[in-house]
Amino acid sequence: MQLDWTALGEVTAVSIAVTVGVVVVFALGVLGVSQVETREKDADGTHALGFAQAGLCFLACAAVVAYGIYLIVPQFH
C-alpha cells in the first residue's frame, strides 16, 4: 500500500497555517484588551475600539474552533 505523501503534506501545511493564524488573531484580541486596560488607567476617552477589536478577534477564534469541532465530530453532520 502506497501512502500519498502529497495529501499528508497538504494537510500538515494547512494545519500549521491555520494554527498560526488563530494564534495571531488571538494575540490581536489580547492586544485589544490591553488597550482597554491602558485607556482605563489614563481615563482619556472611549474604550470602544479596544472592545471591538478584542470581541471580533475572540469571536473569530471561537468560530474557527467550533468549525474544527464540527468537522471532527460525525454526529454534527
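**Exercise 1. Decide whether Tyr70 is buried, partly exposed or exposed.**

Step 1. Take the cut-offs: buried means under 20% relative accessible area, exposed over 50%, and partly exposed in between (1.4 Å probe, protein chains only).
Step 2. The relative accessible area of Tyr70 is 35%, so Tyr70 is partly exposed.
Step 3. Note the basis of the value: this is a predicted model, in which local features need pLDDT of at least 70 and side-chain atom pairs count only at pLDDT 80 or more, while totals for chains, interfaces and linings use all residues. Side-chain values use heavy atoms, without hydrogens and water, and residues are numbered from 1 along each chain as its sequence is written.

**Exercise 2. Find the aromatic pairs and classify each one.**

Step 1. Rings of Phe, Tyr and Trp (its six-membered ring) pair if their centres lie within 6.5 Å; planes under 30 degrees apart count as stacked, over 60 as edge-to-face and the rest as tilted.
Step 2. The structure holds two such pairs.
Step 3. For Phe26 and Phe58, the ring centres are 5.2 Å apart and the planes stand at 50°, so this pair is tilted.
Step 4. This pair links distant parts of the chain, with Phe26 in helix 1 (residues 5-42) and Phe58 in helix 2, 32 residues apart. Helices here are DSSP runs (H or I, at least four residues), and strands are runs of E (at least two), numbered from the N terminus.
Step 5. Phe26 is partly exposed at a relative accessible area of 44%, and Phe58 is partly exposed at 30%.
Step 6. For Tyr67 and Tyr70, the ring centres are 6.3 Å apart and the planes stand at 25°, so this pair is stacked.
Step 7. Both tyrosines, Tyr67 and Tyr70, lie in helix 2, three residues apart, about one turn of the helix. In general, an α-helix has 3.6 residues a turn, so residues three or four places apart point the same way.

**Exercise 3. Describe helix 2 by its span and its buried residues.**

Step 1. Helix 2 covers residues 48-72, 25 residues in total.
Step 2. The expected span is 1.5 Å times one less than the number of residues. From first C-alpha to last, helix 2 reaches 36 Å, close to the 36 Å expected.
Step 3. Its buried residues are Gly50, Ala54, Cys57 and Cys61.
Step 4. Gly50 has 1% relative accessibility, and Ala54 has 5%.

**Exercise 4. Locate the nonpolar surface patch and give its area.**

Step 1. Patches are made of residues with over 30% relative accessible area and no salt bridge; like charges are joined within 9 Å, nonpolar side chains (Val, Leu, Ile, Met, Phe, Trp, Tyr) within 5 Å. A salt bridge is a side-chain nitrogen of Lys or Arg within 4 Å of a carboxyl oxygen of Asp or Glu.
Step 2. The patch consists of Val65, Tyr67, Ile69, Tyr70, Leu71, Ile72 and Phe76.
Step 3. Together these residues have about 730 Å² of accessible area (Shrake-Rupley method, 1.4 Å probe; for residues, only the protein chains shown count as cover).

**Exercise 5. Summarise the whole chain.**

Step 1. The secondary structure comes to two helices and zero strands.
Step 2. Of the 77 residues, 9% count as buried.
Step 3. The chain exposes about 6100 Å², and carbon and sulfur atoms supply 73% of it.
Step 4. Among contacts with a separation of 6 or more, 47% are between residues 24 or more positions apart.

Technical notes
Contact = heavy atoms within 4.5 Å.
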